[in-house]
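Here is a short tour of two places in this model. Let's start with a pair of helices and then move to a pocket.

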Amino acid sequence: MTVATSTPAGLDNRVVVGGVARTWRALPAPALPSPAAVLAAGSADALTAARQHAVHGSELLLSTAHRLDPAMRDELRAAGFALTTLDADGPVTVPPTNTRPAEPGRLWLLTSGSTGRPKRVGHTLESLTTVRGAQPSRTWLCPYAPGTYAWWQVVTLSLTQPGQHLVVIDPDELDEWPAVAAAHGVDAASGTPTFWRRTLHRDGAALARVPLRQLTLGGEPVDQAVLDQLRAVFPAARISWIYASSEVGASIVVHDGRAGFPVDWLDREVPGRPRLAVDGDELVVTSPYHGAGLAGPVRTGDRVQIVDDRVLITGRLDSDEINVGGSKVSAGLVRGVLTAHPRVAWARVSGRRAPVLGRMVVAEVVPTPSGEPLDEATLVRWCADRLPEYAVPRRIRMFTEIPVKETLKSDV
């Protein structure tokens with residue numbers, strides 16, 4: 001069962017996948033079942049499914065095949081979803097084990113699984129489309145995994161706004177994305193802080209050749225160091241940090257180049273905008289863009305600290321706080337101190353069991369590729385000058401490459 005929708009305004013925007021340029025309108029138009037869980041082998045398949053949903057309003061869950069283990073596939077079929085893959089001969093579908101009527105217009109997202117096994121969160125194209133005002137013409141880079149909240153944010157912008165073109169990067173192109181972007185006129189790009197740090201680390205000169213006018217960061221805690229590094233490369237661009245999740249949608253947007261958001265945004269009532277609050281150490285959001293069944297205040301699970309006039313999101317509640325002999329240490333704040341060192345490209349901070357203290361702070365660091373050699377003792381001294389004694393890392397391991405997952409995050 002499907003329902004007709006209004007024609008998306010961006011159907012004539014250009015989309016580039018695998019170096020091939022076409023328009024949304026020119027994408028294949030296979031008949032998809034509804035409800036369907038479409039398992040995309042690549043970005044071209046994912047864009048096809050997104051276009052079909054926007055035009056026909058079919059009930060859709062979109063993901064990559066390897067995100068769904070056998071148990072999740074069985075669970076989706078039991079919940080009424082047909083499992084559909086797209087190949088050269090058209091859709092190949094495994095029917096559901098339980099049938100039910102489709103819910104017209106419903107889009108389902110799978111959470112990232114950072115707090116456990118992924119779960120479904122219901123949205124619509126309307127609730128995922130948070131950019132509605134007229135925008136300057138842009139060609140956007142989208143490096144995200146298909147079906148994630150961040151992927152839909154860029155895709156809905158291109159589907160619903162004329163002049164918002166799209167260049168999609170598949171995982172095998174990730175290391176060379178600046179060359180792809182420069183070749184196709186990309187002037188706006190969205191990525192996680194890990195995505196941007198990794199690019200700066202691997203080839204900052206290639207990044208500087210991309211004529212970016214808009215840079216967006218989201219999906220992870222954002223520290224001042226990466227914002228400053230991007231500003232140095234793109235002094236005239238607008239650099240934005242967005243706090244968003246499958247549960248509460250895009251809730252915070254900051255353009256001032258500073259980490260966190262202004263403290264006077266807390267408890268502010270603005271019609272049509274999310275309300276931000278802090279309960280204990282946790283960010284609580286009441287959002288008009290929330291997922292189905294999540295109306296009212298939603299506890300995000302993200303830990304915040306107020307430093308001077310800014311509210312900093314330091315990490316997940318279940319992993320950010322390290323108890324060292326009764327003293328609380330924020331892994332995010334220690335990470336911020338480490339990444340502020342001019343020779344550190346990336347850092348991860350965690351707690352490890354220790355005698356007497358119970359836990360001690362440890363870190364993993366990727367040095368920048370140029371400059372004086374960096375050793376553990378230098379970084380320990382750097383931290384000791386800026387942190388309480390109990391918060392100074394006791395062990396620091398050096399890596400050569402910044403780790404990254406399919407989500408473009410590195411579990412920081």
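## How two helices cross

α1 passes α4 in a right-handed crossing, meaning that the near helix is turned clockwise from the far one by less than a right angle. Helices here are DSSP runs (H or I, at least four residues), strands are E runs of at least two, and both are numbered from the N terminus. This is a predicted model, where local features need pLDDT of at least 70, side-chain atom pairs count only at pLDDT 80 or more, and totals for chains, interfaces and linings use all residues. Residues are numbered from 1 along each chain as its sequence is written, and side-chain values use heavy atoms, with hydrogens and water left out.

Helix α1 covers residues 43–56 and helix α4 residues 149–160; they pack at an angle of about 60°, with axes 11 Å apart. The two are therefore oblique to each other.

## What meets at the contact

From α1 come Ala-46, Leu-47, Ala-50 and Ala-54, which meet Trp-151, Trp-152, Val-155 and Leu-159 of α4 (contact means heavy atoms within 4.5 Å). By class, this contact of α1 with α4 has 8 nonpolar, no polar and no charged residues.

## The second largest pocket

By class, the lining of the second largest pocket has 10 nonpolar, 6 polar and 6 charged residues. α9 (331–339) is one of the elements that each supply at least two lining residues, along with α7 (224–233) and β19 (310–316). The largest share, 5 residues, comes from α9.

Definitions and conventions. Ala, Val, Leu, Ile, Met, Phe, Trp, Tyr, Cys and Pro count as nonpolar, Asp, Glu, Lys and Arg as charged, and the others, Gly among them, as polar. Axes are lines fitted to C-alpha atoms, for helices over the stretch in contact, and angles run from 0 to 180 degrees between N-to-C directions. Angles under 35 degrees count as roughly parallel, over 145 as roughly antiparallel, 65 to 115 as roughly perpendicular and the rest as oblique.
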